[in-house]
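Here is a short briefing on one structure. Please keep the sequence and the model in view while reading.

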Amino acid sequence: MLRQIIQEPGLYLVATPRIDLINEQIAFLQTTAAELGVRMPDLRKVHGKQRRLGNVQRQLADAASDLAGLSHAVVFITHEALRQADLSPFVGWHGRIDEIPDTIRSGTFKAAAAHQHLAPIYDIKSLDSTWSYIEPKNGVVRLTEVLNDDSTRQLATFHKETSNRSGLFINIRDWADAKGGGDVQWWSLWTPLAMRDFASVQIACAGFESSICHHVLKTWFADEITL
């Protein structure tokens, strides 16, 4: 996959499981380009540890804007950014993913008292008798605020997943349903359909056909995606 990126000029967004692997893959590209005697594409790394460059969404928007006019460029991100970020600046790019990102994440929490504080932050839209779709209200609270509050820190993963473009689902129809103290169950979904506006998407991995991602695609989205 990385060799193809060197050999076939284009605009690529490459997602890796961890930040440290970004540097390893860049080193591989440099070695491969030297072996083949070709010019290295322009590179950009995007991740949360580069705070001087803004948050991840700002870094992504800047990278897409700066590199859009080039014939050969690569932007590296993590799986976490792939799940959470708005990828609309990369319409028409080629998506390349190292290993399968988490397809489903889930958790539980109790909100017997906290439900009254959560209602102004998250909208719930009922889907059926069991599950509802949930999303954060614009500009109400940021992840850093959740992490810096003792009363909400345990909801950090839940809050992050509400930003997942593929959606987060919860087993209550209204926040008042949590008043009794029962478990609030939630799960979020990611599939390559989040990259439907890319020119192409490839995942380099082993055992894809036995993965949850593959089963979800074949069961729910067989009419929307060609493997």
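Contact here means heavy atoms within 4.5 Å. By that cut-off, and leaving aside its neighbours within four places in sequence, I77 is in contact with L13, V14, A15, T16, I22, V46, L60 and L82. The model is predicted.

**Parallel sheet**
- Five strands make an open sheet with parallel pairing, in the order β2-β3-β1-β4-β10.
- The edges are β2 (42-45) and β10 (200-204); each has a single partner strand, so one side of each lacks a neighbour in the sheet.
- On average, neighbouring strands of this sheet are turned by 20 degrees against each other, direction ignored.
- Strand β1 (residues 11-16) and strand β4 (residues 94-98) run parallel and are joined by four bridges.
- A15 has I97 in β4 as its bridge partner. A15 is also among the contacts of I77.
- In general, strands of a sheet pair through backbone hydrogen bonds, either parallel or antiparallel.

**Helices on the parallel sheet**
- Helix α2 (residues 19-36) packs on this sheet and touches β1, β2, β3 (73-78) and β4.
- The direction of α2 makes about 155 degrees with that of β3.
- Helix α3 (residues 56-67) lies across β1, β2 and β3. Its direction runs at about 170 degrees to β2.
- Q30 lies in helix α2. Its relative accessibility is 44%, so Q30 counts as partly exposed.

**Nonpolar cores**
- The largest nonpolar core has 21 residues. V75, I77, L82 and F90 touch the most other members.
- Two or more residues each come from β1, α3, β3 and α4 (79-84).
- Helix α3 gives the largest share of this core, four residues.
- Another core, of 15 residues, lies apart from it; F109, F158, I172 and W186 are among its members.

**Antiparallel sheet**
- Three bridges join strand β7 (residues 132-136) to strand β8 (residues 168-170), and the two run antiparallel.
- Y133 stands opposite F169 in β8. Ring pairs also link Y133 and F169 into a cluster with W131, W187, W220 and F221.

**Aromatic pairs**
- The structure holds ten aromatic pairs.
- For Y122 and F158, the ring centres are 5.4 Å apart and the planes stand at 75 degrees, so the pair is edge-to-face.
- This pair links distant parts of the chain: Y122 is in strand β6 (residues 122-126) and F158 in helix α7 (residues 156-161), 36 residues apart.
- Y122 and F158 are both buried.
- F158 also pairs with W186: the centres are 5.9 Å apart and the planes at 65 degrees, so this pair is edge-to-face.
- W186 lies in strand β9 (residues 184-189) and F158 in helix α7, so the pair ties together parts that are 28 residues apart in sequence.
- Why does F158 count as buried? Its relative accessibility is 2%, and buried means under 20%.
- W186 is buried too, with a relative accessible area of 6%.

**Loop residue E99**
- E99 lies in the loop between β4 and β5 (104-109).
- Phi of E99 is near 70 degrees, a positive value in a residue other than glycine.
- For context, most residues other than glycine have a negative phi.
- E99 has 38% relative accessibility, so it counts as partly exposed.
- The C-alpha atoms of E99 and Q30 are separated by 21 Å, and the two residues are 69 residues apart along the chain.

Terms used: Residues numbered from 1 in each chain as written. Predicted model: local features only at pLDDT ≥ 70, side-chain atom pairs only at ≥ 80, totals over all residues. Heavy atoms only, no water. Pairing = 2+ DSSP bridges. Axes fitted to C-alpha atoms, helices over the stretch in contact; angles between N-to-C directions. Buried < 20%, exposed > 50% of the residue type's maximum accessible area, 1.4 Å probe, protein only. Core = buried A, V, L, I, M, F, W, Y, C linked by side-chain atoms within 4.5 Å. Phe/Tyr/Trp six-rings, centres within 6.5 Å; stacked < 30°, edge-to-face > 60°.
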